[in-house]
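This note sets out, in numbered points, what a reader may look for in the model shown below. Please read the points with the structure open.

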Amino acid sequence: MIVVMDLEVGEKELQAVERVLHEYGYSCHLIRGEKRLVIGAVGAKQTEVPPALETMPGVEKVLQVMQPFKLVSREVKPDDTVVEAGTLRVGGGVVSVLAGPCAVESRTQLLDAARAVKAFGATALRGGAFKPRTSPYAFQGLLEEGLVYLQEAREKTGLAVVTEVINPVDVELVAETADVVQIGARNMQNFPLLKEVGQLRKPVLLKRGLSATVEEWLMAAEYIMSEGNYQVILCERGIRTFETYTRNTLDVSAIVLAKQLSHLPVIADPSHAGGHWRLVKPLALASLAAGADGLIVEVHPDPARALCDGKQSLTPEHFAELMVYVEKFLPVLGKKLWHGGVK
Ligand code: PEP
Ligand code: MN
């Protein structure tokens, strides 16, 4: 249920409304949009409306949210949410590019990648220190050592750092380094992990699960928001289909749907979708045409020697070429590339 409040409502009136909602077993989430202030009231018994609610001072109207996802829904907040973290800004009519290697492999590899992606226009550095690998014998990441290199890369380049957490017990540790905490496709429905990152007060990048429906993906975002963390970025990274020429199938419709159904910003990952570097540019441009607010792209200084996802990683030169195409394409969409707030 959403309780639409008068924009000018006083603190006392607001608290009185929240008290009544709490008595009825709701948790309250105050959501301030551009033109309205609402209380998102969520909880187990979502049908019982306190009888006098609509007549309370400061209350404009009470609406039921039809979608199963509530705080994530555009019904609750019609205007776009913009997520900001250091140099990164996602949403609000700009396009942001996050880039870097799949995994942090060494100090030199990460710093080389970071300098290159910054030079060509990325505003965040990606790189996993904790890697969720299909095989237990594959490179699992440098763990804490990787976080140290990510910190150094941020200090040297000023780029915001996006890195994955795979275990609820590591959330605090990873969040000390990360400007944006990534939840990978394999963990999209790891509910204890979602609840844990919901406790953070910093942005979370939520990748769509390998075989998750759009609704399941948005419900995963609801888990994070229901814990009070409203800074969620959705990421379409391809889904599993019968096709074998691609690693996954980029679901362009999901980008459109997520933007329609939710106020949260949506980015696309053409690297994991296509699984081959030659597919990255066309899939990136298709994602932007569909309305994506940004891209997350794998870039490696030497893809042939990468310990993870080399086949789909762009060289710095190919990344530079992609950025030229992106910048040329954006005016058609009435959008601009986000340069990190530097005029
Ligand atoms: C990654 O970003 O390197 C990654 C593991 O992606 P996904 O969770 O989408 O497979
Ligand atoms: Mn990868």
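1. The largest pocket is lined by 22 residues, and K131, P132, R186, H272 and D309 are those nearest its centre. A pocket here is an open set of points on a 1 Å grid over the protein atoms alone, where a 1.4 Å probe fits, with protein on both sides within 12 Å along at least five of seven lines; lining residues have an atom within 4 Å of a point.

2. The model is predicted: local features need pLDDT of at least 70 and side-chain atom pairs pLDDT 80 or more, while totals for chains, interfaces and linings use all residues. Residues are numbered from 1 along each chain as its sequence is written, ligands are numbered from 1 in the order in which they are written, and side-chain values use heavy atoms, without hydrogens and water.

3. By class, the pocket lining comprises five nonpolar, eight polar and nine charged residues. Asp, Glu, Lys and Arg count as charged, Ala, Val, Leu, Ile, Met, Phe, Trp, Tyr, Cys and Pro as nonpolar, and the others, Gly among them, as polar.

4. Ligand 1 sits in the largest pocket, in that more than half of its atoms lie within 2 Å of the pocket's grid points. Among the residues surrounding ligand 1 are C102, E164, K207 and E298, each with a heavy atom within 4 Å of the ligand. This shell divides into two nonpolar, three polar and seven charged residues.

5. Which distances separate polar side-chain atoms from oxygen atoms of ligand 1? For R237 the distance is 2.7 Å, for R126 it is 2.8 Å, and for Q182 it is 3.0 Å.

How values were computed:
Polar contact = N/O pair within 3.5 Å; in protein donor to acceptor, adjacent residues only side chain to side chain.
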